[in-house]
Amino acid sequence: MATGQKLMRAIRVFEFGGPEVLKLQSNVAIPIPKDHQVLIKVQACGVNPVDTYIRSGTYSRKPLLPYTPGLDVAGIIEAVGESVSAFKKGDRVFTTSTISGGYAEYALAADHTVYTLPEKLDFKQGAAIGIPYFTAYRALLHSARVKAGESVLVHGASGGVGIAACQIARAYGLKVLGTAGTEEGQKIVLQNGAHEVFNHKEANYIDKIKKSVGEKGVDVIIEMLANVNLSNDLNLLSRGGRVIVVGSRGPIEINPRDTMAKESSIIGVALYSSTKEEFQQFAAALQAGMEIGWLRPVIGPQYPLEKVAQAHEDIIHSSGATGKMILLLN
């Protein structure tokens, strides 16, 4: 290691596997920003389900080992590389991606994946914007092409993406229905844009949704757990309805006939299929939401860096999500 290279604490993964492969190290070199890169002093980092899939080695994108997980950070610009004009040292920012990994005291990011964090949001909220809000926006506006006046069911509405979807859908003039698995989760969903909420742990909750939406059905379903719900979703849809698959944890058997009479669609969404221009467009809409005040992330469980393995365990196995899971760095 070069003399004088400054060191930081960071989580490193040397092999794919369970949460136990997340190793806290205190002698990791602080990266130096090159052209079009910024170095961020991380205050908080969002924990996303995708982090666990990448760590386990089951995800379509495999990073080179060893690597530091984490994409959504919020913090303060520490240094900028050549050709960076949009940011300077001391700016409050959040990201939708990092180059060096966010579970660390400092993170490197490409300047086009970094956005200004308004004063009215704290760093924990900043770390909850990236993947959840950009994914929810892409799902609703880009993939489902929702129109004001349509109805949307957010299936699994109390987690990071779910709350984001409820807030965005409500701001864009949709009738918003949500589901959650706990009483606390249901309350949060109602406080964040849903007109109605249903408990997806109740045996007959699908019937209750059907009763609420009537003959017409639901125009759009934002689906967080397709391997459990997809078959039910197809039966809930309106004519020309769309299920947008945001998350799935395994296979499911469906009857394709359920799509025929209604000419409904099943559309997958992957945030990182977005072009640079699309990211810019999503960011502009979300920035407006922050200024106006409808975009306000709800923070869920918070963990120090030392407890990251527990965070990875909890995000997959907890009884019901409520808000966005955050790692606190400073």
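The area buried between domain 1 and domain 2 is about 1300 Å², and carbon and sulfur atoms give 56% of that area. Keep in mind throughout that this model is predicted.

**Stop 1: where the domains touch.** Select the contact residues on both sides: domain 1 has 20 of them and domain 2 has 15. How many salt bridges cross the interface of domain 1 and domain 2? The rule finds zero. Polar contacts do occur there, with three residue pairs counted between the two domains. On the domain 1 side, show helix H1 (49-56) and helix H9 (308-317); each supplies at least two residues to the side that touches domain 2. Sorted by class, that side of domain 1 has 10 nonpolar, seven polar and three charged residues.

**Stop 2: an aromatic pair.** The whole structure holds nine aromatic pairs. For one of them, show the side chains of Tyr-115 and Phe-134. Their ring centres are 5.4 Å apart, with 35° between the planes, and the pair is classed as tilted. Tyr-115 belongs to strand S7 (residues 114-116), while Phe-134 is in helix H3 (residues 130-143). The two residues are 19 apart in the chain, and the pair links distant parts of it.

**Stop 3: a salt bridge.** A search of the whole structure finds 10 salt bridges. Select Arg-92 and Glu-119 to see a pair whose side chains meet in a salt bridge, at 4.0 Å from N to O. Where in the chain are these two residues? Arg-92 is in strand S5 (residues 92-95), and Glu-119 is in the loop between S7 and helix H2 (123-126).

**Stop 4: two backbone details.** Most residues other than glycine have a negative phi, and most peptide bonds are trans. Go to Leu-65 and Pro-66, which are joined by a cis peptide bond with omega at about -15°. Pro-66 is placed in the loop between H1 and strand S4 (73-80). Then select Ser-83, in the loop between S4 and S5. What is the phi of Ser-83? The value is near 70°, which is positive in a residue other than glycine.

Technical notes:
Residues numbered from 1 in each chain as written. Predicted model: local features only at pLDDT ≥ 70, side-chain atom pairs only at ≥ 80, totals over all residues. Heavy atoms only, no water. Contact = heavy atoms within 4.5 Å. Buried area = accessible area lost by both parts, 1.4 Å probe. Polar contact = N/O pair within 3.5 Å; in protein donor to acceptor, adjacent residues only side chain to side chain. Helix = DSSP H or I, 4+ residues; strand = E, 2+ residues; numbered from the N terminus. Nonpolar A, V, L, I, M, F, W, Y, C, P; charged D, E, K, R; others polar. Phe/Tyr/Trp six-rings, centres within 6.5 Å; stacked < 30°, edge-to-face > 60°.
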